[in-house]
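Welcome! Below are a few exercises to work through with the structure open beside you. Try each task yourself before reading its solution.

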Amino acid sequence: YGFEYVGLTNNFIMIPETERLYLSFANCINLRKPFMLYGLNDSGKKETMKTFASLCGKRILYINTSQEYNEKSFNSALLGSLKEGKWICLDRTENINKDLLEVISTRIMEVYRVIRENEEDELFVDGNDKYPVNFKQLNIFMIRNLPFKAQHTPNEDVPLVLKNHYRQIAFPLIDFKHYLTLSLMKYAFKD
């Protein structure tokens, strides 16, 4: 922006847990493997992914899933992201019924298989239309909220396809009071 004032921006606080998450995300992207980030409600999973994507210079298409979400909606989102080179984030996947989640997971694995096999960009055929696709830009991941009692393991209703082929990354419980105290002490504030 040539040093012009663009207003206040949100500051994202980097802590060691965040850096470990970023390394896990980058490893999955490098290996071309989809991942599922899970943790408690309102713990910062989505904001962490937004910040990671902006650091990578990517845009994310967030799909807030619900009981009414269907395969046709996912296919149209997938086609749009393939055309534009966006990342796809399926948020709140605990709301999708198990059968549909298994179908979507299998479709994502098919896309990743094509990505791993093809070094070059190709044309994506949809009916009579052909679209140039940049496979290297695509990344698909899921965010799953857990109830408080199951804070360390994902729910048992996760399909076998997800358990076997997705890297499951746990979002840590962060003691913000502890980090705030350490930050203030670094600047000579004492208890």
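Two strands pair if DSSP finds at least two bridges between them. Keep in mind that this is a predicted model.

**Exercise 1. Find which residue of β7 is the bridge partner of tyrosine 38.**

Step 1. Begin with the two strands: β1 and β7 pair in the parallel sense, over 4 bridges.
Step 2. Locate tyrosine 38, bearing in mind that β1 covers 35–40.
Step 3. Look across to β7, where alanine 170 is the bridge partner of tyrosine 38.

**Exercise 2. Work out the order of the strands in the open sheet, and name its edge strands.**

Step 1. Walk across the sheet: its 5 strands come in the order β2-β3-β6-β1-β7, with parallel pairing.
Step 2. Look for strands that pair on one side only; these edge strands are β2 and β7 (167–170).
Step 3. Follow the twist, which averages 20 degrees from one strand to the next.

**Exercise 3. Determine the handedness of the β-α-β unit made by β2, α3 and β3.**

Step 1. Check the pairing: β2 (residues 60–64) and β3 are joined in the parallel sense over 5 bridges. Within this pair, isoleucine 60 stands opposite tryptophan 87 of β3.
Step 2. Trace the path from β2 through helix α3 (residues 71–84) to β3.
Step 3. With the strands pointing away from you, a clockwise path from the first strand over the helix to the second counts as right-handed.

**Exercise 4. Decide whether arginine 32 and arginine 92, each with a positive phi, are buried or exposed or in between.**

Step 1. Recall the background: most residues other than glycine have a negative phi.
Step 2. Take arginine 32, whose phi is about 55 degrees. This arginine 32 sits in the loop between α1 (16–31) and β1. Its relative accessible area is 14%, and buried means under 20%, so arginine 32 is buried.
Step 3. Turn to arginine 92, with a phi of about 60 degrees, in the loop between β3 (87–91) and α4 (98–117). Here the relative accessible area is 31%, so arginine 92 is partly exposed.

**Exercise 5. Describe how α4 is placed on the sheet strands β3 and β6.**

Step 1. Find α4 lying across β3 and β6 (140–146).
Step 2. Compare directions: α4 runs at about 150 degrees to β6.
Step 3. Step back to the whole chain, which has 6 helices and 7 strands. Of its 191 residues, 39% count as buried.

Technical notes
Residues numbered from 1 in each chain as written. Predicted model: local features only at pLDDT ≥ 70, side-chain atom pairs only at ≥ 80, totals over all residues. Heavy atoms only, no water. Buried < 20%, exposed > 50% of the residue type's maximum accessible area, 1.4 Å probe, protein only. Axes fitted to C-alpha atoms, helices over the stretch in contact; angles between N-to-C directions. Contact = heavy atoms within 4.5 Å.
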